[in-house]
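Here are some notes to read alongside the model.

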Amino acid sequence: MKKAIYFLILFFMTTILTSCASGAPGSKNNSDSKAAISLPNIVVIMADDLGYRDVGFNGCEDIPTPNINRIADNGVVFSCGYTTYSVCSPSRAGFLTGRYGPRFGYERNPLYRPDDPNMGLPQDEKTMAESLAEVGYKCGVIGKWHLGSNIAHHPLNRGFDEFFGHLGGGHQYFPEELIYPDSYAVNEESQSYRTWIMKNHDHIKTEKYLTEEFSEEAVRFVEQYKDEPFFLYLAYNAPHTPLQATEKYLSRFENIENPQRKTYAAMVSALDDGVGLLLDKIEELEIEDNTLIFFLSDNGGPEHQNGSDNGALREGKSSVYEGGFRVPFAIQWKGQIAPGIFHKPVSSMDIFATISSLSDSPINPEKPLDGVNLMPYLSGEKDGNPHEAIFLRQYDKKRFAVRNGNYKLVTLENAAIKELYNLKEDIGETNNIAEYQPNKLLKIDSLRKAWNKELIRPAFLGLTQGGAWGWEPKEEEIYEVK
């Protein structure tokens, strides 16, 4: 009798343990829904042409950004955060592929050409959305696309499940200015700024200030997919020109006398409000601890064009100096990343590498990522610099920038001029120490030359070149960047 009771108890204990094991998050027997929930949600909020100093966590005093600051306060600020390029489209191509754009010929802002399938992100480059979709993520992009206006480059053909935004490089903000119902029926940059907003493959007539439309759509997306892993790329076109803001936001900055700066500040404030709406919704849905949030700009601020402020950084958008591609950059993951400041150089490419590592989403082994998984560095598991060097090449201008540790090499006029700066002591790049550090100069220049050998020429015509479809470079345009 005792033996029978013993085996009966053993049977029930085994059944209970087996049942518990089958529900463990890491178990192979786990249901698809539970396995999916164990994957972190990913939110990337990208501003457009935002100045380095135009957020509170980088010292801005005249434009309050309390909601953007929430990300920084709850997470890590990257004081040396870079993008892959210093203008919009190549920067976004590098972010979304985790690779330097010059590896696949992406160094120019493409022309708005709906009839040209070659004018945009190459089809053989895997996007972050395409990778995450393979492990069960719902992927949405809201706002500015700017990676090709041909149907082949539409976000829904590049791994995304939802799109709400515009295909081109910028847009009018007031709904009454949007007079072209069909994005594919225009083929000029100025016209592309005035198209209706696309919702997936349809065109809709919006009724609100565009930044507000994008913010509200982001909230809706998170509400819809709160119960499954999602990737939201919230790509604001603000505060990119044209400088337009409603009185609601302008009235907040009566103290700013410069009209350009005032409107810019209002646009940043509208963006910050939108970030707050999104953060509040994530908190309300109680998914904050399972949501990794990034905030950054696509490049530095064009100070003279939109009233932005890059602080002590030299120059701005389109430059090889720090103001061109060193940007406001922060990450939040409550319960997983301790708040602080990370002073070593990181790149927007690292976002793809980080979430691919966390989610085990696939990458193309023939096209390895240039980005690095940042989690071991943020946790303290790894020390040192995530990157040996941060690179920038501008083929058309024959310029390079290479950051190696605290030192920065800039080459101009096809390497005929070489400048060296110690960014730890000279963040404004005012003191060229090339003649005093010849060995350091040679070392970094050798890194530059080796990297350049891995790159190709631009694959399509850009905005600064003009011209027609079917572009072929003239003989004098085919040169070797040294």
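1. Which residues of E9 lie on one side and which on the other, and are they buried or exposed? This is a predicted model. One side carries Thr291, Ile293, Phe295 and Ser297. The other carries Leu292, Phe294 and Leu296. Every one of these residues is buried, so both faces are covered under the 20% cut-off on relative accessible area. Strand E9 spans residues 291–297, and seven of its seven residues are buried.

2. Now the parallel partner. Strand E1 (residues 41–47) runs parallel to E9, joined by seven bridges. Leu292 in E9 has Ile42 opposite.

3. Next, the antiparallel partner. Four bridges pair E9 with strand E10 (residues 329–332) in the antiparallel sense. Here Phe294 has Ile331 as its bridge partner.

4. The largest cavity is lined by Pro110, Leu111, Tyr112, Met119, His146, Gly148, Ser149, Leu167, Gly168, Gly169 and Glu189. By class, that lining has five nonpolar, five polar and one charged residues. Glu189 is the charged one, by residue type.

5. The second largest cavity has Thr97, Arg99, Glu125, Lys126, Phe352, Ile363, Asn364, Lys367 and Leu369 in its lining. The classes here are three nonpolar, two polar and four charged. Among the charged residues are Arg99 and Glu125.

Terms used
Residues numbered from 1 in each chain as written. Predicted model: local features only at pLDDT ≥ 70, side-chain atom pairs only at ≥ 80, totals over all residues. Heavy atoms only, no water. Buried < 20%, exposed > 50% of the residue type's maximum accessible area, 1.4 Å probe, protein only. Helix = DSSP H or I, 4+ residues; strand = E, 2+ residues; numbered from the N terminus. Pairing = 2+ DSSP bridges. 1 Å grid on protein atoms, 1.4 Å probe; cavity = no way out; pocket = protein on both sides within 12 Å on 5 of 7 lines; lining within 4 Å.
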